[in-house]
Amino acid sequence: MYLKEGCSLLLKKMHKPSIPFVLSTNPILDFRPQNDKGAIFIQESEVLKRLKNENDITVALDYFKSISNSCSFKHTPSTYGTMIEKLGHNGEMDSVQYLLQQMKLEGVNCSEDLFISIIKSYSRCGASEQALKTFYRIREFGCVPTVKMYNHLLDALLSENRFSMINPIYGNMKKDGLEPNVYTYNILLKALCKNNSLSGARKLLEEMSNKGCEPDSVSCTTIVSFLCKYGEVEEARDLVSKFAPSVPVYNALINGHCREGKIKKAFDLMDEMAERRIAPNVITYTTILNFLAGSGNIKLSLAILAKMFVRGCNPNTHTFTSLIKGLSLKGRLIEAHDVFVQMSGDGNFPNEITYNTLIHGFCLAGDMNGALSVLDKMEANRCNPNVTTYSTLIDGFAKSRDLIGASEVWNKMVSLNCRPNVVAYTCMIDALCGNSLFDEAYNLIETMVSEKCPPNTVTFNVFIKGLCLKGRVEWAVELFDEMEKHGCGPDVTTYNELLDGLYKSKNNTLAFELVCEMEKRGVQFNLVTYNTIIHGLCSCGELNEAHKLVGRMIIKGIKIDAFTLNTLIHAYCKYGKIECATRLLESMREKRLCPDIVAYTSLICGISEQIDLEAANFYLERMISDGILPNISLWNFLVRNFVSKIGIFGAVDRMNGVLASLSDAEV
């Protein structure tokens, strides 16, 4: 196996070389028209037409320079503006600054629209700070700041999450004597919401109201979406009642209810929209369909899709992708693939999310050939796989314990200059650990550090789990101690994996110390934690402590599950406490926690060995009457036990009785 080095994937920021901008006195190209008398002149409209229609930026610039160095035309604010806008669209910001300086030298004033164009160009390049520096020089170019300019500047800063710069700029706007409008407030609202400042967003709404600036649909949608994101759906609902309703606002509310799993309230909102004669759009339907499909309600999802067609609302790529996701999660891959084919036929071409969703479905089902066939279609349709695509495939191969397949996908990803992220690295580490290649897995962690892609808690959890599963618990403990060096602390899953490994290796002392550490650090135990500790205590005969821990679970409001009860029943039977085991099984039935095959098998085996066959037979018949049939392990135990205690003929009679009980149960 050979993994290509991740270091070959360092994505250097490519600096696009600026177009040389020298105003030569000897123009190469002659674009000048002549009149009948031989006098040379050119109209502004002709220059603007040439510049606007020329797609090649180099040719356009040559033309601009040519007439600049002639006596036939003097550039105007419009021609400068057109050329600057064209350069800005191509990211030639150095040339833009050169032309601005030329305008200043020639005394040509800049317009509001030109400065807005420059701000937008810097924003597209991800250089909002440069836009800010240019804005500070605006008066040098004979232009004064306007509300519209400030709005575009604030929006540029918001697009790069420069939250610390936004408030000072807003302050400067007020100092300039400019009153913010609804667009200004909407940008500020988005900034506050993106920065998770709920109180700030509320204050800004109050300011809008005090200034007599009525919030519009965008304002309302922004704050409603934010409130719903943080579970304040009822507050969002109250807020909506104060404003004119719109489809985007209803969509935000519906999404909020779906996030909380309250689908009935989402449907109620759709009914309310109908009463107000507000037609749901594709986002409305897709939001509900996505929730239904994700929660496994395929039947209702298909009903929503049918309703869309009936109402004349055409589903889009996101709609079909949501349905594909739901079908894939339910293992209905043939139907998912049929939807995939149908959407292309309807003109909704799959995007990378669609392909990744279907690939994930095949990986979940363990059908890696199917997943690779979807990848082939993705590439054939010129939809470039991304790091999520490759991570999903590597994870699928890791779960299938196919190291060769995982390595081939990894190498393909690297060779196509797709830089692995922490998820891709973690999936590859899982594949290596699954094949006991722990040295290689550790080397990959070191590569992550050198590639400025540090491992996270999940990465270490995967590694620790792999080590514990193979009995390398000492190394797992060392790795646990190393986590803080990489800037990530353990979570409850980390502790659960390590506890399981320690108990299985009979290192109860260290396991106890780890439990104490969890309590000291305030790590909340979950069901897996309790079950792991209970299993460990039962394995070493500490039944009283295990029983106390169950009581603690109940007090903490953590519902015990079948694993908890099965562990206790097995331990009680193993250590001869049959009465405790039978009481526990009876309490399960009283609380409608149906005992499963594991619980009955432990009890029947324990009673057979330590009491008598008649008592065991009672629970065997009850198990059958509960609709649980003996498995091969239990059959083998029963036959051996009957033969050893009552002889072969007695065993045959007893087994005939069991089979008769089975026949009666089936009837």
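These are my notebook entries on a few places I looked up in this predicted model.

**Ground rules.** I number residues from 1 along each chain as its sequence is written, and side-chain values use heavy atoms, with hydrogens and water left out. Because the model is predicted, local features need pLDDT of at least 70 and side-chain atom pairs count only at pLDDT 80 or more, while totals for chains, interfaces and linings use all residues.

**Entry 1, helix α1.** I began with helix α1, residues 44–53. Helices here are DSSP runs (H or I, at least four residues), numbered from the N terminus. Which residues of α1 are buried? I found Val47, Leu48 and Leu51. They lie on the same side of α1, because they cover an arc of only 95° around the axis; the arc is that of the directions from the helix axis to the C-beta atoms. Buried means under 20% relative accessible area, exposed over 50%, and partly exposed in between (1.4 Å probe, protein chains only). On the other side of α1 I noted Ser45, Lys49 and Asn53 as exposed. The buried residues of α1 pack against α2 (57–68) and α3 (77–89).

I looked up Ser301 in helix α16, residues 298–310. Is Ser301 buried or exposed? Ser301 counts as buried, because its relative accessibility is 0%. Leaving aside neighbours within four places in sequence, Ser301 is in contact (heavy atoms within 4.5 Å) with Leu289, Leu292, Ala293 and Leu323.

How many aromatic pairs does a search of the whole structure find? The search gives eleven. Rings of Phe, Tyr and Trp (its six-membered ring) pair if their centres lie within 6.5 Å; planes under 30 degrees apart count as stacked, over 60 as edge-to-face and the rest as tilted. The rings of Phe115 and Phe141 have centres 5.9 Å apart and planes at 50°, so I wrote this pair down as tilted. Phe115 is in helix α5 (residues 112–124) and Phe141 in the loop between α6 (128–136) and α7 (147–159), so the pair ties together parts 26 residues apart in sequence. Both Phe115 and Phe141 are buried. For Phe618 and Tyr619 the ring centres are 5.0 Å apart and the planes at 85°, so that pair is edge-to-face. Phe618 is partly exposed at 44% relative accessibility, and Tyr619 is buried at 10%. I also noted a cluster of Phe438, Phe463 and Trp475, linked by ring pairs.

Side chains of opposite charge can pair when their charged atoms come close. A salt bridge is counted for a side-chain nitrogen of Lys or Arg within 4 Å of a carboxyl oxygen of Asp or Glu. I have 26 of them for the structure. One joins Glu140 and Lys104, 3.0 Å from N to O. Another bridge joins Glu129 and Arg162, with the closest N and O atoms 3.0 Å apart. Glu129 is in helix α6 and Arg162 in the loop between α7 and α8 (163–175), so this bridge ties together parts 33 residues apart in sequence.

Methods:
Helix = DSSP H or I, 4+ residues; strand = E, 2+ residues; numbered from the N terminus.
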